[in-house]
Amino acid sequence: MNRLIPAIILAAPVMASAYAAAHPAQEQMQQNIDAVLKIARNNALSEAQKVKQVEQYADRYLDYERISAFAVGAPWRQFTAKQKTDFIAAFKEMVVSMYAHSALVGAADAKVKLLPKMTENANKFDVFSEIQTKSGNKYEVAYQLYKIGPVYKIYNFRVDGASLVTIYRNQFNELIKQKGIDGTIAAVKAKGLKKQ
């Protein structure tokens, strides 16, 4: 899973599909996919320009606050408002800096098919896709979304059943035990976490 996560974090709202989406959440995923693939495949842009454009686009559809809260888990309730703000900014910056290059490569080279299955529970939706890498490996990815106004926001990803936020939660819980909240924020700012 470690080579696939990068393409999902920044470019996951951003892959290609042959499936004609029937639900608005699936339709939005398809629009996201098409927009980011266009950026990833634009040879007139430098890598830095592509990263910036993908990040700006993803900012509209990724709920970094909810992703951060779920990734930290129960200790999130102990964070002050400032610590939450600092953590969210550091976590987003870490993710972008760690994964931007491989996300663009993954988005440009992968074949992605939106699957016809979808789950809905109250205001939460799981939209599924199958990603085939350049080497031929296939992964099922579930994008977990909730609706806010006209937009579906992504708050988690599951790759072949493994949850992104759960993977990070294990690291954050260990860091909080060892270094406390401020030390954890400092470690994230220093990008002191392992790539997943």
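Begin by selecting D160, which lies in the loop between β4 (151-159) and β5 (162-163), where helices (H or I, at least four residues) and strands (E, at least two) are DSSP runs numbered from the N terminus. D160 is not a glycine, and yet its phi is positive, at about 45°.

Before moving on, note that this is a predicted model, in which local features need pLDDT of at least 70 and side-chain atom pairs count only at pLDDT 80 or more, while totals for chains, interfaces and linings use all residues. Residues are numbered from 1 along each chain as its sequence is written, and side-chain values use heavy atoms, with hydrogens and water left out.

Next, select A122, in the loop between β1 (111-121) and β2 (124-132). A122 is another residue other than glycine with a positive phi, here near 55°. With a relative accessibility of 69%, A122 counts as exposed, given that buried means under 20% relative accessible area, exposed over 50% and partly exposed in between (1.4 Å probe, protein chains only).

Now show the whole protein chain as a cartoon. The chain has six helices and five strands, and along the sequence they follow the pattern α-α-α-α-α-β-β-β-β-β-α. Of the 196 residues in the protein chain, 53% are buried. Among contacts (heavy atoms within 4.5 Å) between residues at least 6 apart in sequence, 56% join residues at least 24 apart.

The tour continues with helix packing. Two packed helices are described by the angle between their axes and the distance between the axes. Axes here are lines fitted to C-alpha atoms, for helices over the stretch in contact, and angles run from 0 to 180 degrees between N-to-C directions.

Select helix α2 (residues 24-40) together with helix α3 (residues 47-59), whose axes come within 9 Å and cross at roughly 165°. That angle makes α2 roughly antiparallel to α3 (under 35 degrees counts as roughly parallel, over 145 as roughly antiparallel, 65 to 115 as roughly perpendicular and the rest as oblique). To see the contact itself, show the side chains of Q31, N32, A35, V36, I39 and A40 in α2, which meet K50, Q53, V54 and Y57 in α3. By class, this contact of α2 with α3 has six nonpolar, three polar and one charged residues, where Ala, Val, Leu, Ile, Met, Phe, Trp, Tyr, Cys and Pro count as nonpolar, Asp, Glu, Lys and Arg as charged, and the others, Gly among them, as polar.

Then select helix α4 (residues 64-72) and α6, whose axes come within 7 Å and cross at roughly 60°, which makes α4 oblique to α6. The contact is made by I67, F70, A71 and V72 of α4 and by V165, Y168, R169, F172, N173 and I176 of α6. By class, the contact of α4 with α6 has eight nonpolar, one polar and one charged residues.

Keep Y168 selected and turn to the aromatic rings. A search of the whole structure finds 13 aromatic pairs, where rings of Phe, Tyr and Trp (its six-membered ring) pair if their centres lie within 6.5 Å, with planes under 30 degrees apart counting as stacked, over 60 as edge-to-face and the rest as tilted. One of them joins F91 and Y168 edge-to-face, at 5.4 Å centre to centre with 80° between the planes. This pair links distant parts of the chain, with F91 in helix α5 (residues 81-109) and Y168 in helix α6 (residues 164-189), 77 residues apart. F91 counts as buried at 4% relative accessibility, and Y168 counts as buried at 0%.

Finally, select W76, F79, F87, F91, Y168 and F172, which ring pairs link into a cluster.
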